[in-house]
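Biologist: Please bring up the model, and we can go through it piece by piece.

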Amino acid sequence: FESVFSVFPFMLLFIPLIIANLDRAMFYGKVAAIGGILGATVGYFIGYFAWVDASGDYTAIARFFFDHLPGFSVAAYQSIQGLFDKWGALLVFAAGFVPIPFELVTISSGVFDVNFFFFILSVIVGRGGRYLLIAFLIWRFGAGVKVFIEKYFNWIALGVVASIVVGAIVFRMVL
């Protein structure tokens, strides 16, 4: 559900569950990864069908956001769409790995019609990789790594994503 809406941070359940059942850590990591991929797919299609209707006009939901969200206009929407057009799959990957509200990115990916194949691939690597990495670290190093994950994982994730983003920018400049 966290790929569609967040009631509370999933990690508050995920990490203690793994620590309580170290022998099932990788199973829980796989279940979380598969659930995250399925949830992201639902989020994508919510955005895809909720923003623009079959005739290409904005839906009532889109008009509601334009009319009631301060600072959000058609021009702001088009600006954000430009970012998704240029960096869509990379944005999805980064959001999957770093601690930001993932549901905003999954739904926005559908709204901005990010290539679905690259969207799924980015979710698998980003969000699935995050869950599997956390499960592996706890399984491998035990409950003691919980403190390390809680203290440094977000910074490490941001560093990894920043390195990949810089690499992608350099790659685009070279081509």
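Biologist: Where in the chain is D113 found?
Modeller: D113 is found in the loop between α5 and α6, where helices are DSSP runs of H or I with at least four residues, strands are runs of E with at least two, and both are numbered from the N terminus. Before we go further, this is a predicted model, in which local features need pLDDT of at least 70 and side-chain atom pairs count only at pLDDT 80 or more, while totals for chains, interfaces and linings use all residues. Residues are numbered from 1 along each chain as its sequence is written, and side-chain values use heavy atoms, with hydrogens and water left out.

Biologist: And what phi does D113 have?
Modeller: The phi of D113 is positive, about 55°, although D113 is not a glycine. Most residues other than glycine have a negative phi.

Biologist: What percentage of the residues in the protein is buried?
Modeller: Buried residues make up 39% of the 175 residues, with buried meaning under 20% relative accessible area, exposed over 50% and partly exposed in between, using a 1.4 Å probe and protein chains only.

Biologist: At what angle do α4 and α5 pack?
Modeller: Helix α4 (residues 74–97) and helix α5 (residues 102–111) pack at about 125°, with their axes 9 Å apart; the axes are lines fitted to C-alpha atoms, for helices over the stretch in contact, and angles run from 0 to 180 degrees between N-to-C directions. The two helices are therefore oblique to each other, given that angles under 35 degrees count as roughly parallel, over 145 as roughly antiparallel, 65 to 115 as roughly perpendicular and the rest as oblique.

Biologist: Which residues make that contact?
Modeller: From α4 they are Y77, F84, L91, V92, A95 and G96, and from α5 they are F102, V105, S108, S109 and V111, where contact means heavy atoms within 4.5 Å. By class, the contact of α4 with α5 has eight nonpolar, three polar and no charged residues; Ala, Val, Leu, Ile, Met, Phe, Trp, Tyr, Cys and Pro count as nonpolar, Asp, Glu, Lys and Arg as charged, and the others, Gly among them, as polar.

Biologist: How far apart are the axes of α2 and α5?
Modeller: The axes of α2 and α5 are 6 Å apart, and the helices pack at an angle of about 50°, which makes α2 oblique to α5. On the α2 side, A40, G43, Y44, G47, Y48 and W51 meet F102, T106, I107, S109, G110 and V111 of α5. The residues of this contact of α2 with α5 divide into seven nonpolar, five polar and no charged.

Biologist: Changing topic, which residues touch the most other members in the largest nonpolar core?
Modeller: They are F14, I18, I134, I138 and I149, out of 23 residues in that core, a nonpolar core being a set of buried Ala, Val, Leu, Ile, Met, Phe, Trp, Tyr and Cys residues joined through side-chain atoms within 4.5 Å. The elements giving two or more residues to this core are α1 (11–20), α2 (25–51), α4, α6 (116–141) and α7 (145–174). Apart from this core lies another, of 20 residues, among them I37, F72, V111 and F119.

Biologist: Then what does I18 touch?
Modeller: Not counting residues up to four places away in sequence, I18 touches A25, Y28, A135 and I138.

Biologist: Last one, is F153 buried or exposed?
Modeller: F153, which is found in helix α7, counts as buried at 6% relative accessibility. Leaving aside neighbours within four places in sequence, F153 is in contact with F97, R130, L133, I134 and F148.
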